[in-house]
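Dear colleague,

I am passing on to you the structure that I have been looking at, with its sequence, and would be glad if you could read the notes below alongside it.

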Amino acid sequence: MPSLDDLKKRIVSVKSTQKITKAMKMVAAAKLKRAQDSAEKGRPYSEKMNKIILNLSENISDKENAPKLLTGTGSEKVHLCIILTSDRGLCGGFNSNIIKKAKSFFEKITKEGKTLKIITVGSKGYDQLKRLYKDKIIEKISFKESKNTNYFDAEKVGNMVIELFLKNEFDVCTIFFNKFKNVITQIPQEQQIIPLKSSEPDNSSSESNYEFEPEEDEILSNLLPKNISTQIFKAMLENSASEQGSRMSAMDNATRNAGEMVDKLTIEYNRSRQAAITKELIEIISGAESL
Amino acid sequence: MSELFNLEIVNPEKSFLSADDVKEVVVPAYEGEMGILKNHISIISFLKPGIMKIYRNNAEEKFYIEDGILEFKDDTLSILTSTVIKLDKLDKSFIDNSIQEAEKSLLKEGITDQQRFLISQKIDSLKSIGAN
């Protein structure tokens, strides 16, 4: 049985851990608010962008010569996966959920005999994947320095992807990220960005008789690279909101567990203190009796 | 009948401006400046760096806009852009920095004629802003 001193030390240490987790929870909550705001504010842009591209691709005159970013290279041999994770840990199942989703996708791909290439964004994803897929990872990116998710970071990733695509390094590109649903629920998602897949069935057959200036093809070839950066940016925003949400609930749990532990330890401490006093009393009494 | 239409300017981080009392917008479209009034035909076009003018409440507002797409449909003009700054909020150091950066990227090898055109447009319009 641990001595009174040991118990006391443990209580103190659990209490200080609790202080830390509580502080982290507060910080995550504050950051969550901001991340959620920007995720919501960023939505109109990507939605609009998607809509315009959908309209355009319906209107495009010769489908044969359509930009490859839209239609794909024709084969599906090489898959590029972009895994978006966080740079910091202590956020519950946030990173492992994405990795789990990605890994099952990887297995499917390799089973079909296709080549796999991976880009990791965020250092945690790289840490978790390097053991199994080290030779597949062609690039690891981390935005530790930038405080907030900003568009320029996304653009960097986007430009890199496009460059690789133009060099015929891959045929299909998929991004993995966590979609923010609410504080407790984040849904790991995969989204194919090259070739572009319209996520919703377009029943919005509005007579979109647009005038184009310059030609459709030219607009489209300008728009598509931008759309890729935009999609990545959207994923990054969703991801950062999810990260904070996940961290907040993880830290909330940790704080609660620490509280329970302190209660348990305190009871144990009090019991053994009382036992020690009783023992001492018995010793005195029996000592006096034997005289 | 009112002569006003809706305008929405969105950049990746937020909705920059949203108004429903716009009389006219002049944008630097890729193939030249374009003025848009109510009941314009549906159009999609993209922008080159330059100055966008918005007329509303009997006043003129000017913005520096870097690139983007514009869509006009059902009397709503949507402009998607990565950079949009109100002209009087543009400071000298930003202009100088952007010009320097643009000039540097102009020297890079392997840029296409189209990129070259857009970058020189950017430098020109920034310089003209700086001169005023």
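This is a predicted model: local features need pLDDT of at least 70, side-chain atom pairs count only at pLDDT 80 or more; totals for chains, interfaces and linings use all residues.

Residues are numbered from 1 along each chain as its sequence is written, and chains are lettered from A and ligands numbered from 1 in the order in which they are written.

In chain A there is an open sheet of five strands in the order β3-β2-β1-β4-β5, with mixed pairing; strands (E, at least two residues) and helices (H or I, at least four) are DSSP runs, numbered from the N terminus, and two strands pair if DSSP finds at least two bridges between them. The edges are taken by β3 (137-141) and β5 (186-194) of chain A, each of which has a single partner strand, so one side of each is left without a neighbour in the sheet. Within this sheet, neighbouring strands are turned by 20 degrees against each other on average, direction ignored. Strand β1 (residues 78-84) and strand β4 (residues 172-180) of chain A pair in the parallel sense over five bridges, and A:Cys81 stands opposite A:Thr174 in β4(A). Helix α3 (residues 94-111) of chain A lies across β1, β2 (115-121), β4 and β5 of that chain, running at about 155 degrees to β4(A) (axes are lines fitted to C-alpha atoms, for helices over the stretch in contact, and angles run from 0 to 180 degrees between N-to-C directions).

Turning to the interface, 20 residues of chain B are in contact with 22 residues of chain A, where contact requires C-beta atoms, placed from the backbone, to lie within 7 Å. On the side of chain B that touches chain A, β4(B) gives the most, with four residues. Three bridges join β4(B) to strand β6 (residues 211-213) of chain A, and the two run parallel, with A:Glu211 standing opposite B:Ile43.

Lastly, B:Ala19 is found in strand β2 (residues 14-29) of chain B. Leaving aside neighbours within four places in sequence, B:Ala19 is in contact with B:Leu7 and B:Arg56.

With best regards

Conventions:
Two residues are in contact if their C-beta atoms, placed from the backbone, lie within 7 Å.
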